[in-house]
Amino acid sequence: MGDQATPPAPELAAMAINDGPCLKHPFSDRAPVRSIVCRPDGGAALAGNRVRAGGWVKTGREQGKGSFAFLEVNDGSCPANLQVIVDAGVADLSTLVQTGTCVLVEGLLKMPPEGTKQKIELRVDKVLHVGPTDPASYPIPKTKLSLEFLRDHIHLRPRTNTISAVARIRNALAFATHSFFQEHGFLYVHTPIITTSDCEGAGEMFQATTLISEAEKLDKELIMNPPPTEADIEAAKCTVGEKRWRKEPKLKPGIPKKDGKIDYGQDFFGRQAFLTVSGQLQVETYACAVSSVYTFGPTFRAEHSHTSRHLAEFWMVEPEIAFADLQDDMNCAEAYVKYMCQWLLNKCFDDMELMAKLYDKGCIDRLRMVSSTPFERITYTEAVQLLEEAVRGGKEFEKNVEWGIDLASEHERYLTEDIFKKPVIVYNYPKGIKAFYMRLNDDSKTVAAMDILVPKVGELIGGSQREERYEVIQQRIAEMGLPLEPYEWYLDLRRYGTVKHCGFGLGFERMILFATGIDNIRDVIPFPRYPGRADL
Ligand SMILES: NC(=O)C[C@H](N)C(=O)O
């Protein structure tokens with residue numbers, strides 16, 4: 001055995017004996033063991049073991065005049081590749097060495113001679129599977145490819161170092177999210193994807209429509225046109241029609257639109273339904289019953305935004321806390337962001353090093369800074385004053401700064417990157433630019449809202465104390481020109497057993513942008529959806 005300083009992973013520990021059985025997948029006799037080199041010792045402690053390894057060839061070459069092949073194989077468990085050596089007698093080396101080839105092999109793990117810089121390598125004596133790749137047409141060669149180019153190969157891009165590292169970072173942040181809220185006693189609630197409520201009241205919702213067949217359309221047309229009376233049939237003498245009219249209607253009547261045609265989108269649910277823009281309103285129903293809750297799922301916005309910070313489908317983490325106010329909301333949000341940063345430093349350091357090398361030298365220092373430095377807290381009014389001062393000092397912004405504006409990304413970044421150089425929580429925004437559910441402050445001009453702005457990204461979190469006073473919220477809905485009827489159930493939470501409560505939403509992809517330093521949000525979600533694009 002090699003260096004014993006680092007113990008093998010638990011699933012391997014029981015089997016890590018010289019000449020012992022082959023190390024394989026914990027649940028399959030056929031599948032390979034993962035994470036061989038993903039250890040602080042680079043897998044040295046596993047030397048001397050037989051293992052079954054598998055993955056996709058990153059680079060390969062024939063050496064020693066074709067007597068053996070040297071492959072770097074990656075299985076996605078970490079950025080490091082396993083070095084694999086296959087002798088000519090074991091397999092046809094020419095297919096093995098092509099980038100993109102899938103291999104499943106078995107052999108002995110060996111440490112290179114002491115004093116050399118080489119890493120542990122696998123000496124293969126059995127090749128169990130080869131999934132060949134035609135190098136002439138394979139679109140992901142070993143040269144560095146731009147993230148933009150990779151967006152045109154969404155199905156193959158997880159094979160690259162960057163996208164697989166982002167997938168691991170994303171996975172880690174999702175785990176950290178559940179860990180944080182579960183540790184603090186929050187209940188995970190699954191809010192609906194299809195909804196009839198517009199949470200933000202901004203009308204940026206995708207309609208949930210149904211696809212119906214021609215036959216169903218025919219049925220619906222018949223349903224909408226009432227069956228004829230005996231007299232009608234006599235008058236029309238229409239035998240074809242008679243036959244059709246006798247069909248049993250299968251579906252409930254659709255709701256006719258004003259022009260008399262059926263809106264098939266409304267028909268399935270009996271009313272207009274949409275893809276959710278936020279799970280907040282629904283999760284509030286649980287907060288107002290079981291106190292501390294969170295939801296974490298996909299949300300959708302039909303905005304025609306072509307920026308590097310917007311997606312039509314993105315994931316949001318939305319906690320909601322009963323009996324708590326805006327200060328508590330800020331405390332929770334700050335603790336959560338810090339927790340995620342620390343989690344990445346502890347669990348994803350090798351992936352973060354890759355990000356630092358490829359995209360943003362400062363990303364690791366940023367995580368350290370955020371996890372250990374208190375966030376700045378300023379009111380919206382103070383933020384505007386600071387920006388106005390900057391303008392007086394010669395700073396130019398595209399959007400004019402004055403009290404009442406919605407802060408643009410350039411303002412948000414200026415506050416965090418130039419003035420405070422750390423995350424900033426801006427709170428108490430003008431009511432005119434915020435949603436109806438935010439609690440009106442005593443000045444009647446501002447609401448108890450807060451945004452967390454971070455360097456690189458701008459707004460990472462948006463949250464508020466919710467308006468718990470029945471009369472006030474009713475008035476706010478009316479003031480904003482929203483219909484009352486769809487929010488009646490929401491008003492019930494205030495009619496019956498109302499309670500002070502607050503919550504926020506964290507844009508999950510923005511957190512990944514912030515952590516990795518990657519510039520475009522389309523590169524941190526596996527299947528990006530944005531105007532003009534929905535591949536796969
Ligand atoms: N849960 C939240 O407070 C997030 C908020 N509804 C938003 O979409 O911005």
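Select serine 179 first. Serine 179 is buried at 15% relative accessible area (buried is under 20%, exposed over 50%, partly exposed in between, with a 1.4 Å probe and protein chains only). This is a predicted model: local features need pLDDT of at least 70, side-chain atom pairs count only at pLDDT 80 or more, and totals for chains, interfaces and linings use all residues. Residues are numbered from 1 along each chain as its sequence is written, and side-chain values use heavy atoms, leaving out hydrogens and water.

Serine 179 sits in helix H4, residues 161–183 (helices are DSSP runs of H or I, at least four residues; strands are runs of E, at least two; both are numbered from the N terminus). Show Tyr339 and Trp343: serine 179 touches both, leaving aside residues up to four places away in sequence (contact means heavy atoms within 4.5 Å).

Next, colour the sheet. The sheet is open and mixed, with 8 strands in the order S6-S9-S10-S15-S14-S13-S12-S11 (two strands pair if DSSP finds at least two bridges between them). S6 (187–188) and S11 (376–379) are at the edges; each has a single partner strand, so one side of each lacks a neighbour in the sheet.

Zoom in on S6. S6 runs parallel to S9 (residues 292–300), joined by 2 bridges. Tyrosine 188 stands opposite tyrosine 294 in S9.

Now select helix H17, residues 508–516. H17 packs on the sheet and touches S9, S10 (313–322), S13 (446–454), S14 (458–465) and S15 (501–507).

Finish at isoleucine 194, in strand S7 (residues 194–195). Isoleucine 194 has 41% relative accessibility, so it counts as partly exposed.

Terms used: Axes fitted to C-alpha atoms, helices over the stretch in contact; angles between N-to-C directions.
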